[in-house]
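Me: I am new to this structure and would like to understand how its descriptions are reached. Please set each value against the rule behind it.

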Amino acid sequence: MKKLYFITDSTKYDDEEEFLADVFAALRGGVDMIQLREKDLSDEEVYERALKIKKEADKYATPLIIDDRIDVAKELGVGVHLGDEDMAVKDARAILGEETIIGASVKTVDRAYEAEAEGASYFGTGALFPTQTKVITRHTSLETFRAVKKSVSLPVYAIGGINERTLPELAGEDFDGICVVSAIQYAEDPEAAVKKLRAILNRL
């Protein structure tokens, strides 16, 4: 079954409790994985926020992934996701051990080969569609996405602008799951949004 991977975005929130309430609602909805992505907070602030989310995620046995912050991931005993400008996958693997989930953003077949050899657990490939998040993205064509998927044995997740409208456009494509940010985080009802996306995903 294709997985639904939720990536948080707190940039539009003034209140942490409101942000966490929406994150917890997404967990109730049944996301398969959750990534805490905080570009502007200190390591200590990320740790404190991650601790709260991990406590809730553990209730649902939902793996927590931390974007970029290796030290935080190691301290909490959770996974990490690495972009092109972050630590090399092989170095993260040496620090975190063989059992830890280590994801990598890849946009080319060559990078996919490299990251797989270094010990990555899965890939996020995109952005396939225009995205509303403040994270700087570069469009990835479906042709490139297909080539990455065919070139590796690891799970490949589609990312970038995926919502109820764009998700059906992936019908017939070979992929292992989707990474979703805004369509869950900023939905009026994140729990319901997760369930709607799950229903569409299950039909693909």
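Reply: A residue is called buried when its relative accessible area is under 20%. The model discussed here is a predicted one.

Me: Why is S151 called buried?

Reply: The relative accessible area of S151 is 16%, and the cut-off for buried is under 20%, so S151 counts as buried. This residue lies in helix α6, which covers residues 142-151.

Me: How do you know that the side chain of S151 has a polar atom at a contact distance from the backbone oxygen of V148?

Reply: The backbone oxygen of V148 lies 2.9 Å from a polar atom of the S151 side chain, and a polar contact requires N or O atoms within 3.5 Å. Leaving aside residues up to four places away in sequence, S151 also touches V109, A112, Y113 and E116.

Me: What makes the rings of Y5 and Y157 an edge-to-face pair?

Reply: Ring centres must lie within 6.5 Å for a pair, and planes over 60 degrees apart count as edge-to-face. The centres of the Y5 and Y157 rings are 5.8 Å apart and their planes stand at 90°, so this pair is edge-to-face. Y5 belongs to strand β1 (residues 3-7) and Y157 to strand β7 (residues 156-159), so the pair ties together parts that are 152 residues apart in sequence. Both Y5 and Y157 are buried.

Me: How do you know that Y122 and Y157 are edge-to-face as well?

Reply: For Y122 and Y157 the distance is 5.5 Å centre to centre, with 80° between the planes, and the rule asks for centres within 6.5 Å and planes over 60 degrees apart. Y122 lies in strand β6 (residues 122-125) and Y157 in strand β7, so the pair ties together parts that are 35 residues apart in sequence. Y5, Y122 and Y157 form one aromatic cluster, and the structure holds 5 aromatic pairs.

Me: What makes K2 count as lying over the face of F175?

Reply: K2 is placed over the face of F175 at 4.9 Å from the ring centre, and the limit on that distance is within 6 Å, together with a condition on the angle to the ring normal. K12 likewise lies over the face of Y186, at 4.7 Å from the ring centre.

Me: Which residues have the most contacts inside the largest nonpolar core?

Reply: That core has 54 residues, and those with the most contacts inside it are L4, I53, I66, F123, L170, I178 and I184. Helix α1 (residues 16-29) gives the most to this core, with 6 residues. Apart from it lies another core, of 9 residues, including Y5, I65, Y122 and I159.

Technical notes: Residues numbered from 1 in each chain as written. Predicted model: local features only at pLDDT ≥ 70, side-chain atom pairs only at ≥ 80, totals over all residues. Heavy atoms only, no water. Helix = DSSP H or I, 4+ residues; strand = E, 2+ residues; numbered from the N terminus. Buried < 20%, exposed > 50% of the residue type's maximum accessible area, 1.4 Å probe, protein only. Polar contact = N/O pair within 3.5 Å; in protein donor to acceptor, adjacent residues only side chain to side chain. Contact = heavy atoms within 4.5 Å. Core = buried A, V, L, I, M, F, W, Y, C linked by side-chain atoms within 4.5 Å. Phe/Tyr/Trp six-rings, centres within 6.5 Å; stacked < 30°, edge-to-face > 60°. Lys NZ or Arg CZ within 6 Å of the ring centre and 35° of its normal.
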